[in-house]
Amino acid sequence: MAASADLALVLDSQGVIRDISLSSGRSQELGELRQWVGRRWIETVTVENRGKVNAMLAVAASGGAGTENPGERPARQVTHALSGGVDLPVSYNIVPMGVQGRLLALGRDLREVAAVQQRLVDAQQSMERDYLRLRHTEARYRLLFEAVDEAVLVLDAASLVVFEHNAAAARLLGDSTKRIVGRSFAELLAVESQAESYASFSQARSAGRSDDTLVRLANGNTELRLAASLFKQDSSSSLLVRLSPARATSPERTASRKAEGPSLPDVVNAMPDAFVLTDMQGRILSANQAFSDMLQLSAGESLQGQSLDRWLGRSSVDLNVLITNLRQHGVLRLFPTTLRGSYGEPAAVEISAVAVPDGPQACLGFSIRDVARRLPAEGRSNRQLPRSVEQLTGLVGRLPLKDIVGETTDLIERLCIEAALGLTRDNRASAAEMLGLSRQGLYMKLRRYGMQDSGGSASPE
């Protein structure tokens with residue numbers, strides 16, 4: 001039986017468990033189930049599943065009468081209530097043993113199936129949110145694309161075939177007999193301008209953007225200025241081509257534009273992740289636009305000179321831990337914390353930071369990424385706390401009130417201590433300060449929960 005099922009129960013004619021067998025892989029994990037021997041099977045399940053147990057026992061006692069095929073008894077799923085408020089879903093098949101009316105209940109542990117189903121639901125909800133966000137983004141892009149007065153076309157970078165354009169481009173290049181989409185862009189230009197356009201596109205493919213080039217259209221003598229930029233989408237490359245009326249440009253301005261090249265501050269300011277530069281005490285020297293957007297700051301509100309601690313972290317300890325680690329090691333990666341905006345709830349973020357002590361001014365750089373919508377890498381823990389009144393009240397009937405309160409309190413304390421130790425890199429002095437405890441009080445709780453060997457000795461220094 002241990003080899004054929006995760007869990008096997010021997011039941012007498014009254015539904016009392018007389019023996020229990022666990023598979024080798026579950027014997028240590030589900031060892032507390034051996035205490036069921038001598039108890040009624042119906043007493044080990046949650047209140048809402050007792051009807052299923054009675055129905056299975058009644059069908060087994062009648063020899064399968066009342067079913068479409070008396071020789072087949074379909075498996076039914078019930079949920080056992082274990083200590084600590086943990087649910088154990090099991091699918092049972094009932095087999096008669098033929099000895100004094102005894103029955104054999106063969107069970108399959110469904111916890112892994114339930115975890116996969118929950119992750120599937122979470123992934124589906126995340127996909128629906130992403131789809132809705134994508135629809136809104138596409139609507140805003142389409143509105144902006146059509147509203148600009150400048151002619152804009154999107155070409156395939158390899159074939160130079162037009163696959164999208166705005167209304168301004170249609171008015172500028174429109175031909176009553178031919179469509180623009182699907183045609184090669186070279187066909188839209190005068191013959192003498194095709195070589196210059198090919199050179200401009202080649203420069204955009206290699207350098208990311210091209211210099212302005214003067215071209216003429218095939219259907220007129222209008223001189224236009226062509227500028228191309230390369231962008232990638234998935235595994236394909238495209239060219240964004242802008243056509244505007246030609247304007248005189250001085251040779252000095254053109255030469256200056258070529259000499260300047262890309263600007264690093266411009267790139268940092270355009271990053272989607274927040275970037276903040278502070279002095280060695282955490283006072284902000286500068287920040288990019290993404291950081292201001294994450295904080296939901298009003299227009300004109302200045303960040304310079306203010307402490308990063310005003311928005312960062314669950315308490316003042318987080319910034320102290322960050323600065324201490326940067327001073328000691330110079331680099332910190334993927335530090336989990338929260339960012340408190342001017343409005344709304346705190347958002348979960350990850351921080352990678354670097355210290356630059358050498359230079360005109362010693363400073364710290366923080367790259368902040370919003371991870372609030374990231375799916376958990378692992379399945380949900382069996383000890384996950386209830387997150388709503390409905391989930392808390394769902395424990396009623398499974399455990400006495402005293403046990404519910406005691407288990408919840410102990411679990412909250414342990415999880416908070418583990419979180420504080422993780423956030424402070426096992427710095428127990430900082431963890432005690434974060435939790436509002438004395439160091440001796442923290443050590444007593446570590447010994448109480450058997451955590452004194454996690455990361456070092458629990459004796460006070």
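I count two strands as paired if DSSP finds at least two bridges between them. Strands (E, at least two residues) and helices (H or I, at least four) are DSSP runs, numbered from the N terminus.

This is a predicted model, so I note that local features need pLDDT of at least 70, side-chain atom pairs count only at pLDDT 80 or more, and totals for chains, interfaces and linings use all residues. Residues are numbered from 1 along each chain as its sequence is written, and side-chain values use heavy atoms, with hydrogens and water left out.

Entry one: I looked up an open sheet of 5 strands, ordered β12-β11-β15-β14-β13, with antiparallel pairing. At its edges I found β12 (284-287) and β13, each pairing on one side only. From one strand to the next the twist averages 25° (axes are lines fitted to C-alpha atoms, for helices over the stretch in contact; angles run from 0 to 180 degrees between N-to-C directions). β11 (residues 274-278) is joined to β12 by 3 bridges, and valine 276 has alanine 287 in β12 as its bridge partner.

Entry two: I found another open sheet of 5 antiparallel strands, β7-β6-β10-β9-β8. β7 (162-165) and β8 (213-216) are the edges; each has a single partner strand, so one side of each lacks a neighbour in the sheet. Here the twist averages 35° from strand to strand. β6 (residues 151-156) pairs with β7 over 3 bridges, and leucine 155 is partnered by valine 162 of β7.

Entry three: I checked helix α2 (residues 111-147), which lies across β6 and β7 at about 85° to β7 (contact means heavy atoms within 4.5 Å).
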